[in-house]
Amino acid sequence: MFDPQEATKPRSSRQHQGLLRICELYASVQGEGLLTGMPSTFVRTSGCNLRCWFCDTPFASWKPEGDYYAPGEIVEQCQRLGIQHVVLTGGEPMLFGAITELTRQLLAAGFHLTIETAGTMWREVYCDLMSISPKLPSSAPRQASDTWIAAHHARRQRLDVVRKMMERFEYQLKFVVDCPSDAEEVLDYLHQLGRFDRHRVLMMPQGTSQAELDRQAQWLLPWCQEHGVRFCPRAHIAWFGNRRQT
Ligand code: SF4
């Protein structure tokens with residue numbers, strides 16, 4: 001967890017301009033995407049504008065936890081951990097206006113920064129890798145109010161935002177898929193997106209146990225070969241299991 005003892009006074013859970021709500025900040029190893037295997041500090045913002053049924057961080061979406069911190073406090077925590085790579089993730093980090101200042105300070109401090117986002121909101125930010133995980137129609141929550149289901153669908157797809165991110169930054173497109181029909185949805189999405197680098201498209205099986213991921217790999221791996229995109233194992237599940245702060 002983000003250690004309030006190590007920072008200046010934590011704020012209460014009120015919205016504060018210039019601050020970000022953080023539910024955890026920890027050292028681990030990147031388990032997904034082009035930088036798999038890279039020792040990294042993970043800064044997880046709390047709160048999300050979507051409600052995916054498969055969300056594996058409900059403490060940052062469905063039931064957000066954590067206090068509010070200033071960009072400088074967060075940078076200081078990253079400096080204390082002393083790891084060059086930082087991954088700013090969520091929840092949805094783009095919810096916070098202070099992300100502009102946080103990312104500016106992280107790059108100025110010499111960190112390599114990845115931002116993980118669903119690509120539904122644009123903010124002026126600075127980073128070395130924009131990791132975009134667009135949410136497909138099948139991501140909709142299954143046990144939620146009609147209001148949330150409608151909000152999820154209304155917000156989940158912003159092709160204009162994703163295109164702008166791809167133009168502005170080094171990027172990867174990461175899709176969570178649970179079954180072959182989800183993979184077909186990815187093809188539809190890519191078709192609508194238009195231009196993209198196939199080698200930056202990563203297909204990630206949905207699952208929280210190694211047995212489940214192994215089962216999914218049996219159909220997804222050949223599917224990726226057939227379509228010339230990358231299979232993206234969730235290596236952190238194999239290394240650490242489905243635990244927080246991994
Ligand atoms: S966008 Fe990410 S954090 Fe938000 S609900 Fe979906 S999986 Fe969870």
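Q: Which strands and helices each supply at least two residues of the lining of the largest pocket?
A: That would be strand 1, strand 2, strand 5 (112-117), strand 7 (171-177) and helix 7 (235-240). Helices (H or I, at least four residues) and strands (E, at least two) are DSSP runs, numbered from the N terminus. For pockets, take a 1 Å grid over the protein atoms alone: a pocket is an open set of points where a 1.4 Å probe fits, with protein on both sides within 12 Å along at least five of seven lines, and lining residues have an atom within 4 Å of a point.

Q: Before we go on, what kind of model is this?
A: A predicted one: local features need pLDDT of at least 70, side-chain atom pairs count only at pLDDT 80 or more, and totals for chains, interfaces and linings use all residues. Numbering starts from 1 along each chain as its sequence is written, and side-chain values use heavy atoms, leaving out hydrogens and water.

Q: Back to the pocket, then. Which strand gives the largest share of the lining?
A: Strand 1 does, with three residues.

Q: And how much space lies in there?
A: About 770 Å³ for the largest pocket, the volume being the space filled by probe spheres set on the grid points. Its lining has 40 residues, and the closest to the centre are Arg 44, Asp 56, Thr 57, Thr 89 and Gly 90.

Q: How does the lining split by class?
A: There are 13 nonpolar, 15 polar and twelve charged residues. Ala, Val, Leu, Ile, Met, Phe, Trp, Tyr, Cys and Pro count as nonpolar, Asp, Glu, Lys and Arg as charged, and the others, Gly among them, as polar.

Q: Where's the ligand?
A: The space it takes is the largest pocket, given that more than half of its atoms lie within 2 Å of the grid points.

Q: Which residues are around the ligand?
A: Cys 48, Leu 50, Arg 51, Cys 52, Cys 55, Thr 57, Ser 61, Gly 91 and Lys 135, each with a heavy atom within 4 Å of the ligand. By class, this shell has four nonpolar, three polar and two charged residues.

Q: Let's look at Lys 135. Is that one buried or exposed?
A: Lys 135 counts as buried because its relative accessibility is 13%; buried means under 20%, exposed over 50%, partly exposed in between (1.4 Å probe, protein chains only). Lys 135 is found in the loop between strand 6 and helix 3.

Q: What does Lys 135 touch?
A: Leaving aside residues up to four places away in sequence, Lys 135 touches Leu 50, Cys 52, Phe 54, Ala 118 and Arg 156, where contact means heavy atoms within 4.5 Å.

Q: What about Gly 91, where is that?
A: Gly 91 is in the loop between strand 4 and helix 2. Most peptide bonds are trans.

Q: Switching topic: Gln 143, buried or exposed?
A: Exposed, because its relative accessibility is 75%. Gln 143 is in the loop between strand 6 and helix 3 (146-156). Thr 147, in helix 3 itself, counts as exposed at 62%.

Q: And Thr 120, buried or exposed?
A: Buried, because its relative accessible area is 4%. Thr 120 lies in the loop between strand 5 and strand 6 (129-132). Its contacts, not counting residues up to four places away in sequence, are Asn 49, Leu 50, Glu 92, Arg 155, Arg 156, Arg 158 and Val 161.

Q: Last one: which residues of helix 1 are buried?
A: In helix 1 (residues 71-81) they are Pro 71, Glu 73, Ile 74, Val 75, Gln 77 and Cys 78. They pack against strand 1 (20-29), strand 2 (39-45), strand 3 (67-69), strand 4 (85-89) and helix 2 (99-108). Just after helix 1, Gly 82 takes a positive phi of about 70°.
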